[in-house]
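Good morning, colleagues. I should like to take you through one model today, chain by chain. Please keep the sequence and the structure in view as I speak.

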Amino acid sequence: MTTTAETIVAGDGGNRLNKQVKGWPGWIALVAIALVALIIGATRSSGPLTDDDRLDGISQRLACPVCDGESVYESQSPAATGIRQQIKALIQQGAYSDDQIIQYIETKFDAKTQLVPKATGFDSLVWALPVFAGVCAVAGLAVAFRRWKMSPDTVPTEADQAIVDAALREQGDE
Amino acid sequence: MPDPFAGGAAAPGADRDGDREGDPLPTAAAAKRVAPLIVIVIAVVVAGLFWILIGAKSGESDTADTPLMGKPAPVVKTTTLDGKAFDLQRRKGSWVVLNFFNSTCVPCIKEHPELVKFAGEQSALGLDGSEFYTVVSQGNDHGDVRAFFAKRGGSWPILLDDDASITVAFGVAKVPETWIIDPNGYVRWRAISIVTDDLLTRVLAQLKSDFNLALAR
Amino acid sequence: MLAASMNGTVGHSILLVGLVCATFGALSTVYGIRTHDGRLLRSTQRYAIGVALAGVAAFAVMERAIVQRDFSLKYVQTVGSADTPFLFNVTAIWSALEGSILLWLVILVGYTVVIARRFRKRLDDPLVAWALVVMFVVCMFFFLLTLGPTDAFARGAEGITSGPGPNPLLQNHILVLFHPPILYLGYVGMTVPFAFAIAALITGRVGERWLTETRRFALFAWAFLTIGILLGGWWSYEVLGWSGVWGWDPVENASLLPWLTGTAYIHSVLVQERRGMLRVWNLTLLVSTFALTILGTFLTRSGVIKSVHAFSNGTIGPYLLGFFGLVMVVSLGLIAWRGDRLRSPGAIDSPLSREGAFLANNVLFTLFAFVVLLGTVFPLIVEALQNRTIKVGSPYFESLSIPFGITLLFLMAIAPVLPWRKASGELLRERLFWPAWGGVVAIVIPLIFGANGLAPLLAFGLGGFAGGSALRQLALATRRQGVRGLLGRANGGMIVHLGVIIVAIALVASTSYTHSSRLILETGQPAAYAGHTFELVEVQKFTTPRSTGVRAQILVDNAKTYAPAITTFTNFGDNIPTPSVRNGIVNDIYLTLESGAKAGSTTAAIKVFIKPLIVWLWIGGAMMVAGTALAGFPGKRRRRPTEPTSAPVRLDDLPQEEPVNA
């Protein structure tokens with residue numbers, strides 16, 4: 001693709017053509033195609049999930065109650081195997097949503113087994129802090145760029161000049 | 001908790017903070033005040049993290065602790081290998097020892113003679129002895145279990161767990177595991193991996209004396 | 001020849017010699033710097049060699065003890081066994097805490113002696129001298145660990161003639177030979193740029209020179225960290241049987257954190273070399289990277305966070321935490337003290353410039369590192385403040401990594417074509433046109449093949465866009481310079497970018513479009529799933545001296561048989577499922593055997609995972625490594641390290657770009 005671009009650039013007449021192709025019409029066509037494709041992709045369904053796909057999805061959200069840091073999906077311990085089997089049984093009954101199944105498992109074992117922290121109370125900090133940090137970062141960048149924009153082009157001071165001279169001397173020595 | 005690195009967001013600004021005298025920038029004075037602030041914020045955050053980490057409990061990795069310790073044992077309602085109905089809640093009144101087991105598990109094979117010895121001693125005690133049960137893991141072939149017990153001895157009731165509900169309810173990490181439940185149906189002790197007759201007898205004696213002391217009060 | 005039972009004593013003595021060497025090395029170097037004694041400073045090399053010999057010898061003695069099965073040592077009793085095969089017996093040394101610290105030590109002393117050798121003509125230069133002091137101090141710390149809390153040479157109980165051997169998961173794949181040493185080469189390698197950063201702060205020579213001197217070390221360490229992490233994913237895929245490569249487990253996060261800050265550094269360092277800006281920031285990144293390796297080791301090795309990978313804890317926690325505190329206090333103190341010299345002249349004129357893009361890249365990587373750290377330690381925070389336990393697992397990290405991944409891919413598409421200082425909209429329209437069409441193609445093709453979902457398609461599109469930009473830069477460079485156009489930092493970097501894009505697309509595809517099903521197979525009756533047929537041939541039993549197991553021979557698509565197995569290790573009693581994988585350019589077929597299979601039976605239950613594009617994860621990884629190696633070669637033009645970077649950039653010095661069609 002790149003080479004095509006550069007071949008077009010090469011010729012003199014190609015240059016004009018190149019400019020026309022890469023102008024606004026070309027970009028508008030590009031964005032339009034991309035958007036249509038994305039919308040088609042985002043709205044079409046992937047077909048019905050199999051029971052095992054649902055099992056995988058649910059078990060990835062649950063912590064294995066007896067393991068160190070593994071999910072029910074990953075663990076091979078008897079308890080995790082058992083929970084997987086129970087989830088599968090619930091799925092096969094066909095009457096419950098994923099969230100209902102997770103709630104059932106949670107109440108049944110009276111344990112904090114969800115791997116996704118809640119979005120309420122103190123736990124919500126784990127969601128809020130990244131957003132807060134992101135906002136701070138963007139704001140910090142904005143302030144920094146404003147200050148850089150306001151500052152006049154730096155004029156080297158005498159001290160700067162001394163550093164440069166020293167550096168040049170050092171370079172000369174080698 | 002603010003980001004220990006969030007200083008990074010401001011750091012490009014901080015780069016300019018060491019401005020020397022004579023710098024024409026009007027913001028220089030403001031910048032000088034910002035730099036120490038950022039350092040202080042970072043220091044405070046790191047100190048906070050430090051404080052939390054110092055206080056953090058370092059758990060034993062092979063813990064025999066369980067959230068169920070001292071709490072009522074989960075429901076164990078199932079059938080035995082012989083097809084009889086079984087309900088743990090009906091067994092209140094004597095100590096219960098549950099052994100989670102799988103006939104293909106090598107440590108279970110190693111452990112078995114000790115369990116045979118222990119179960120024999122307990123049943124010899126008559127009413128004072130504890131009840132002993134084996135819970136078979138889900139997926140373990142019933143024929144294999146029968147063959148195992150026929151070959152290696154042991155005549156206590158064998159509980160099936162074909163829907164894994166017992167394993168899950170107790171939170172069994174790996175077989176073999178042994179649990180002791182007191183006459184009121186509360187979980188009192190749990191061991192992961194192989195137990196011996198000697199250990200079980202000692203632990204049971206200790207638990208019984210604690211239990212009777214508590215009753216006496 | 002040493003008597004086997006001497007191993008403990010010999011090991012202790014060697015470590016003690018190493019500790020003494022490191023201490024004397026540090027003290028004599030500091031004294032030499034203070035008294036300007038060049039002769040003393042030039043002798044530093046001897047201490048470095050001494051330290052290195054001691055570290056290597058200690059490792060060798062331990063390895064010998066394990067191979068010869070010297071069960072008088074407690075460590076050999078834990079990880080050794082009479083019947084572990086030779087290969088896994090060799091790797092057993094790093095299968096538990098004590099030995100892994102020895103591995104760390106041997107790599108650390110290696111780096112120390114390499115620095116001392118490489119700068120042997122400049123050992124009297126205070127910058128180099130201080131860097132060596134830092135290395136010696138870190139060595140001292142690790143020698144202390146191996147003598148105290150993680151004593152690998154401690155005597156064990158009498159009369160033991162065999163042990164359990166390493167964890168079963170660590171003895172069924174060849175990758176255990178490569179993953180830990182390579183990961184540690186990266187992890188420990190971050191010490192070198194850190195040492196030079198501290199030396200630059202102490203000497204006040206915070207100019208750009210120390211950067212160029214450690215650039216290759218940083219790249220080297222970064223590359224090995226990358227390989228190590230990818231190998232870890234590969235091991236997980238091949239061994240653990242849940243078909244995943246990354247579980248966001250605390251130990252995995254601990255290796256990711258320094259990688260993220262390290263990646264930020266190797267980008268932002270270019271801004272400093274070019275424009276002399278972001279000095280504090282680069283120092284902060286180097287310090288963070290090193291501090292995070294220590295913090296990560298503390299989190300996962302002290303037992304405060306539980307993880308499948310964590311080793312059972314000893315008393316190492318307080319040591320590592322103390323060292324982490326020392327690193328933070330010294331670094332922050334030095335940065336505050338040298339703040340006056342760290343001021344950098346100049347300004348970034350426009351966000352739409354190469355340096356602006358690097359800045360955005362850095363903000364994203366550090367924010368991501370923050371998120372990963374926060375998620376990892378959040379359970380500890382909740383426990384400390386509210387005394388209850390919660391869990392933060394992969395769904396949290398995955399949902400937060402999506403926006404970061406998408407933004408980073410977008411940045412990778414734009415940044416390579418941006419000139420330094422300032423770019424115009426017209427220039428961008430011109431340069432990004434064909435790469436953007438690459439993005440469109442990358443959305444349309446998967447769409448034709450039935451892909452769906454906004455986030456994955458967006459990732460594919462931006463991946464294609466970024467790939468187009470990288471290819472454009474490479475095409476321009478090779479057209480101008482031939483094969484040499486693949487060398488140098490900018491061009492090698494583009495190859496790394498291509499690798500990263502391939503890895504990203506493989507990750508997105510394999511997590512978004514994996515399907516699985518449990519099949520119950522009977523011999524002679526092929527079952528169909530996802531367009532493939534699976535037929536059970538037989539269920540076999542197998543025995544080795546240390547394990548027994550069952551293995552199901554499964555004929556896939558009537559072409560070849562695959563044999564997922566369940567192995568029971570006699571010493572542990574755990575049932576370890578071993579998957580069997582058919583690799584393919586488009587799909588991997590990943591088979592695991594469900595428990596309950598019996599030898600000789602005519603039925604078996606298996607689980608089939610169809611994992612699209614996952615092979616490309618390893619191909620992309622290989623490209624990243626190759627690109628890093630090419631980036632290590634000098635490119636077209638080498639700037640003198642001391643070139644006064646605050647000077648205005650000359651016009652003919654603009655990056656390797658074709659003239660703009662104005």
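C:Ala530 sits in the loop between β2 (527–529) and β3 (532–544) of chain C. Its phi is near 50°, a positive value in a residue other than glycine.

Residues are numbered from 1 along each chain as its sequence is written, while chains are lettered from A and ligands numbered from 1 in the order in which they are written.

On confidence, the model scores ipTM 0.83 and pTM 0.82. For chain C the mean pLDDT, the predictor's confidence in each residue from 0 to 100, is 87, and 92% of the residues reach 70 or more. By elements I mean DSSP runs numbered from the N terminus: helices (H or I, at least four residues) and strands (E, at least two). Over residues 638–662 of chain C, the pLDDT is below 50, and this stretch has 35 contacts in the model beyond near neighbours in sequence. Two residues are in contact if their C-beta atoms, placed from the backbone, lie within 7 Å. Where pLDDT is low, the predicted coordinates should not be read in detail.

How do helices α11 and α12 of chain C lie relative to each other? The axes of α11 (residues 250–275) and α12 (residues 279–301) of chain C come within 9 Å and cross at roughly 170°. Axes here are lines fitted to C-alpha atoms, for helices over the stretch in contact, and angles run from 0 to 180 degrees between N-to-C directions. The two helices, α11(C) and α12(C), are therefore roughly antiparallel; angles under 35 degrees count as roughly parallel, over 145 as roughly antiparallel, 65 to 115 as roughly perpendicular and the rest as oblique. The residues of the contact of α11(C) with α12(C) divide into 13 nonpolar, twelve polar and one charged. In this classification, Ala, Val, Leu, Ile, Met, Phe, Trp, Tyr, Cys and Pro count as nonpolar, Asp, Glu, Lys and Arg as charged, and the others, Gly among them, as polar.

Next, the domains. Chain C is divided into domain 1 (4–340) and domain 2 (515–612), with bounds that come from an automatic or database domain assignment. The C-alpha centres of domain 1 and domain 2 of chain C lie 40 Å apart. Eleven residues of domain 1 of chain C are in contact with 16 residues of domain 2 of chain C. On the domain 1 side, the touching residues comprise three nonpolar, six polar and two charged.

Let us move on to chains A and B. Chain A has eight helices and zero strands, whereas chain B has six helices and seven strands. From the N terminus on, the elements of chain B run α-α-β-β-β-α-β-α-β-α-β-β-α. Buried residues make up 30% of the 174 residues in chain A; in chain B, 37% of the 217 residues count as buried. Among contacts in chain A between residues at least 6 apart in sequence, 41% join residues at least 24 apart. For chain B, residues 24 or more positions apart account for 72% of the contacts with a separation of 6 or more.

Finally, which helix gives the largest share of the side of chain A that touches chain C? In this interface, 60 residues of chain A are in contact with 70 residues of chain C. The elements of chain A that give two or more residues to that side are α1 (2–10), α3 (24–43), α4 (51–60), α7 (125–150) and α8 (158–173). The largest share, ten residues, comes from α3(A). By class, the side of chain A that touches chain C has 29 nonpolar, 17 polar and 14 charged residues.

Notes. This is a predicted model: local features need pLDDT of at least 70, side-chain atom pairs count only at pLDDT 80 or more; totals for chains, interfaces and linings use all residues. A residue is buried if 20 or more other C-beta atoms lie within 10 Å of its own, exposed if 12 or fewer, and partly exposed in between; C-beta atoms are placed from the backbone.
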